[in-house]
Amino acid sequence: MAYAITQTCCSDATCVAVCPVNCIHPTPAEPDFGKAEMLYIDPQTCIDCGACADACPVDAIFPADQLTGPKAVYVELNRDFYQRRAVTNAPDVPHFPRSLPRDIPNLRVAVVGTGPAAWYTADLLVRDIGAEVTMIDKLPVSGGLIRFGVAPDHPDTKKIGDSFSTLLHHPRLRMLMNVEIGKDITPLDLTDHHHAVIYAVGASADNTLGIPGESLDGSLSATSFVAWYNAHPDAAETEVDLSGERAVVIGNGNVAIDVARILVSDPAALARTDIADHALAALRGSSVREVVLLGRRGPDEASYTDSELLALKHLPGVELVVEDHPMVRSAIAAAAPGSKAALLADLPLVEVDWTAPAATKRIVLRFLSSATEIVGRKSVEAVEVTRNVEHHTAAAEELAAVAITAAHDTIPAGLVLRAIGYRGRPLDGLPFDPLTATIPNDAGRVIDPQTGAPVPGTYVVGWIKRGPSGGIGANRECAAETVDTLLDDAEAHLLRGEVESARHFDRLVHRQKPAAINRKTLLAIDRAERERGAQVGRPRVKFGTVEELLAAAEHG
């Protein structure tokens, strides 16, 4: 019996590397790898060896005959993938680890950030290249997207952090936490003490709608809401009013699905996760019974991944429905097998009475719709929504037979969350492209847009490099590209030669920021959170403020 890959696939391709018969696709060498929602195992070629399951960092791979109930659909998804496309199960060209030039025996690299992109980069530099790496973060805890972005009810996805934890004890890795570049130390301080600096700072800002009422109380970005329920210190003062019966989420990507799911999930189930204590208390008293997801395009162009929608179908005690509309109905009826629209074929199509609250907890998928105004005196009371008749997924000739008129609805709501994407932020001393919200670069090498020349010894990786696309695992290939670029420059003698000592840098940091945290105190925080969790049957109980984190570090 073949193996199959399931919902929590992180797409970092560790499984591809260990497969002896090359039956997992797409591979990093294939053009659609970066766009793939997940990886798939060819059931005709799989020899049932289990090497992929052993290597998977998020426990997403299982024997197909063990996948029953809601997970049985992944057997079909893996099989359907190969029925829709031709693949060649030939091995990728092997990527052999590179080594440092002999005349640079002690390469020192600073990595700014501690999210997945930073950890993949540090892992390559420390284990494969033999470099000395200093990881720096403005927060007292590491993890980035793993700690503060992954939903608390996705514990398997968080397991990828365990694969990085062993690196924490490596003698060539140093940690400097609670240190902000541009405030506590400068980019020049980094370049003076390291041969190269790699920025892995992500995309922490959010896009705005630019519509009236967006600044009302009760109108938040999904970024803020996710930070709130994941105990990000920057969200410690965030207030979320859950007294209304309906919430509207603008967007229909995976983040939109995450926040919708958290809003209507059973708090008793969330109480077994690492959700923030303040969020759990608020959700226990929540009045939200219905969440509406507004997608401006049609069912076949939804941004969520198939696996996240499939999981949403089986959320206990919650009904998932599609708001009926002729164009939506036509798109679903004409959907090709394996398409996103086809996934909706078994869901109820309902005409929603927006003036009445839902009888039971439910999530409503409303397609071809845009919010034009958020209405309220001081806080959110409703959302004005128009139908986007110019967007559709069915063929034009099929739509010609359907009488279509633009619709306008007022949807009463007490909470509005915009989940319309992330943006990178400018960094002191580095170029920035405001259109793409990224740092201009060539394969990770930072480029000065004024001159077109590289910024010596300066690199980027992750979302600040390529924009907010791709999940956690996509950072693995992204990191490999940036490290290769850095090594090319090292071999061409383009990196800084003499740099100040690591000890000198430590003294500088602690003089500028006495509260800087090192590896020992970082581990003390982790230990304290896990101990707090063990007392109440949870994986960890997070500290939600910088002050609490620093106190735990001090007492650890």
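Start by selecting strands E16, E17 and E18: they form an open sheet of 3 strands, in the order E16-E17-E18 and with antiparallel pairing. Strands pair here if DSSP finds at least two bridges between them, and the elements themselves are DSSP runs numbered from the N terminus, with helices (H or I) of at least four residues and strands (E) of at least two. Before going further, note that this is a predicted model: local features need pLDDT of at least 70, side-chain atom pairs count only at pLDDT 80 or more, and totals for chains, interfaces and linings use all residues. Residues are numbered from 1 along each chain as its sequence is written, and side-chain values use heavy atoms, with hydrogens and water left out.

**Stop 1**

Colour strand E16 (369-375) and strand E18 (408-412), the edge strands, each of which pairs on one side only. From one strand to the next, the twist averages 25 degrees; the axes behind that value are lines fitted to C-alpha atoms (for helices over the stretch in contact), and angles run from 0 to 180 degrees between N-to-C directions.

Now step across the sheet. E16 and E17 are paired in the antiparallel sense over 6 bridges, and a hairpin of 6 residues joins E16 to E17. Select Glu373, whose bridge partner in E17 is Glu384. Keep Glu384 selected and look to E18, where Thr410 stands opposite Glu384. Strand E17 (residues 382-387) pairs with E18 over 5 bridges, again in the antiparallel sense.

**Stop 2: a stretch to read with care**

Colour the model by pLDDT, the predictor's confidence in each residue on a scale from 0 to 100. The protein chain averages a pLDDT of 91, and 96% of the residues score at least 70. Residues 391-405 have a pLDDT below 50, and beyond near neighbours in sequence this stretch has 26 contacts in the model. A contact means heavy atoms within 4.5 Å. Where pLDDT is low, the predicted coordinates should not be read in detail.

**Stop 3: helix H18**

Select helix H18 (residues 502-512) and show its side chains. Which of its residues are buried? Phe505, Leu508 and Val509 are, where buried means under 20% relative accessible area, exposed over 50% and partly exposed in between (1.4 Å probe, protein chains only). These residues are on the same side of H18 because they cover an arc of only 95 degrees around the axis; the arc is that of the directions from the helix axis to the C-beta atoms. Turn to the other side of H18 and you will find Arg503 and Arg511 exposed.

**Stop 4: inside helix H17**

Move to Thr482 in helix H17 (residues 474-491). Thr482 is buried, with a relative accessible area of 0%. Leaving aside neighbours within four places in sequence, show what Thr482 is in contact with: Ile198, Ala443, Gly444, Tyr459, Val460, Val461 and Lys465.

**Stop 5**

Most residues other than glycine have a negative phi, and most peptide bonds are trans. With that in mind, go to Ser11, in the loop between strand E1 (3-5) and helix H1 (14-18). Ser11 is not a glycine, yet phi has a positive value near 60 degrees. Ser11 is buried, at a relative accessible area of 12%.

Next comes Asn22, in the loop between H1 and E2. Asn22 also is not a glycine and has a positive phi of about 55 degrees; at 21% relative accessibility, Asn22 counts as partly exposed.

Then select His25 and Pro26, which are joined by a cis peptide bond with omega of about -10 degrees. Pro26 is placed in the loop between strand E2 (24-25) and strand E3 (40-41).

**Stop 6: the cysteines**

How many disulfides does a search of the whole structure find? The count is 0, a disulfide being a pair of cysteine sulfur atoms within 2.5 Å. Select Cys46, for which the nearest cysteine sulfur is that of Cys23, 4.7 Å away. Cys46 counts as buried at 17% relative accessibility. For Cys52, the nearest cysteine sulfur is that of Cys46, 6.2 Å away, and Cys52 counts as buried at 8%.
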